[in-house]
Amino acid sequence: YAKLNKFDEICDFFNNFANNKETTIDLCMNKEQFISIVRENQNLIYKTCFSYCQNTESRKDLQQEILIQLWKSFEIYDGRVKISTWIYRVALNTAISFYRRESKVKKKVTTLNDEIIHLPDNYENSQQENISMLYSFIDEMNELDRALILLYLDDYKYQEIADILGITETNVATKISRIKNKLKEKFNDI
């Protein structure tokens, strides 16, 4: 998908952010490690931003908020889950909070943007339409269901989804089954 802006600009932001504080050797080492880890997992952040924000400015704000939250909690990451799972969890929690804040201010529903759907040219129009409708239906879901189905569509295992969202694996399986049934009904109604 299209990048919110050059990722190097975000890393520069963190260089400046860290340098505005009293910089110690540990902070410099953590800063470099942090930037490296974020670069390796940047697509998770982009995907979350595109899923929860309709316009470019909101996506940039959310991206910055996610990175700040990751930075603030970087030192307490304990390694019990994969780093990508931890990043996804922080990103989703930040996005949901951001979405709620933005919804209260703007009093409108955030829609998924077609920019996140990239299909090869050989796909038929009907497949493109079905995928666009799927994302439109996903956009109508509440925050938790939207997060669940997006993680499911990204091939995360139920246990990983449970770890990211802080719910049980059984709850994940039940909710995904219900979401699938709702989506089938919506497609059948068309």
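At the start of H4, a side-chain oxygen of Asn-55 comes to within 3.2 Å of the backbone nitrogen of Glu-57. This is a polar contact, a term that denotes a pair of N or O atoms within 3.5 Å; within protein, one must be able to donate a hydrogen and the other to accept it, and residues adjacent in sequence count only if both atoms are side-chain atoms. The model is predicted, and local features need pLDDT of at least 70, side-chain atom pairs count only at pLDDT 80 or more, and totals for chains, interfaces and linings use all residues. Residues are numbered from 1 along each chain as its sequence is written, and side-chain values use heavy atoms, with hydrogens and water left out.

The protein chain contains nine helices and zero strands, and its pattern along the sequence is α-α-α-α-α-α-α-α-α. Helices (H or I, at least four residues) and strands (E, at least two) are DSSP runs, numbered from the N terminus. Of the 190 residues in the protein chain, 41% are buried. Buried means under 20% relative accessible area, exposed over 50%, and partly exposed in between, with a 1.4 Å probe and protein chains only. Of the contacts (heavy atoms within 4.5 Å) with a separation of 6 or more, 68% join residues 24 or more positions apart.

Helix H4 covers residues 56–73, and its 18 residues reach 26 Å from the first C-alpha to the last, close to the 26 Å expected at 1.5 Å a residue. The expected span is 1.5 Å times one less than the number of residues. Among the buried residues of H4 are Leu-62, Ile-66, Leu-70 and Ser-73. An α-helix has 3.6 residues a turn, so residues three or four places apart point the same way. The buried residues of H4 also include Arg-59, Gln-63 and Trp-71.

Helix H3 (residues 42–52) is largely enclosed by the rest of the structure, because nine of its 11 residues are buried. These buried residues are Gln-42, Leu-44, Ile-45, Tyr-46, Thr-48, Cys-49, Phe-50, Ser-51 and Tyr-52.

The loop between H7 and H8 holds Asp-154, which is partly exposed at a relative accessible area of 24%. Leaving aside neighbours within four places in sequence, Asp-154 is in contact with Lys-47 and Tyr-88. The side chains of Asp-154 and Lys-47 make a polar contact at 2.7 Å. The C-alpha atoms of Asp-154 and Leu-44 are separated by 10.0 Å, although these residues are 110 residues apart along the chain. Asp-155 lies in the loop between H7 (143–153) and H8; its relative accessibility of 68% counts as exposed. The phi of Asp-155 is near 65°, a positive value in a residue other than glycine.

Tyr-158, Gln-159, Ile-161 and Ala-162 in H8 meet Glu-169, Val-172, Ala-173 and Ile-176 in H9.

Glu-169, in H9, is partly exposed, with a relative accessible area of 38%. Leaving aside neighbours within four places in sequence, Glu-169 is in contact with Tyr-158, Gln-159 and Ala-162. The C-alpha atoms of Glu-169 and Gln-159 are separated by 5.3 Å, with the two residues 10 residues apart along the chain.
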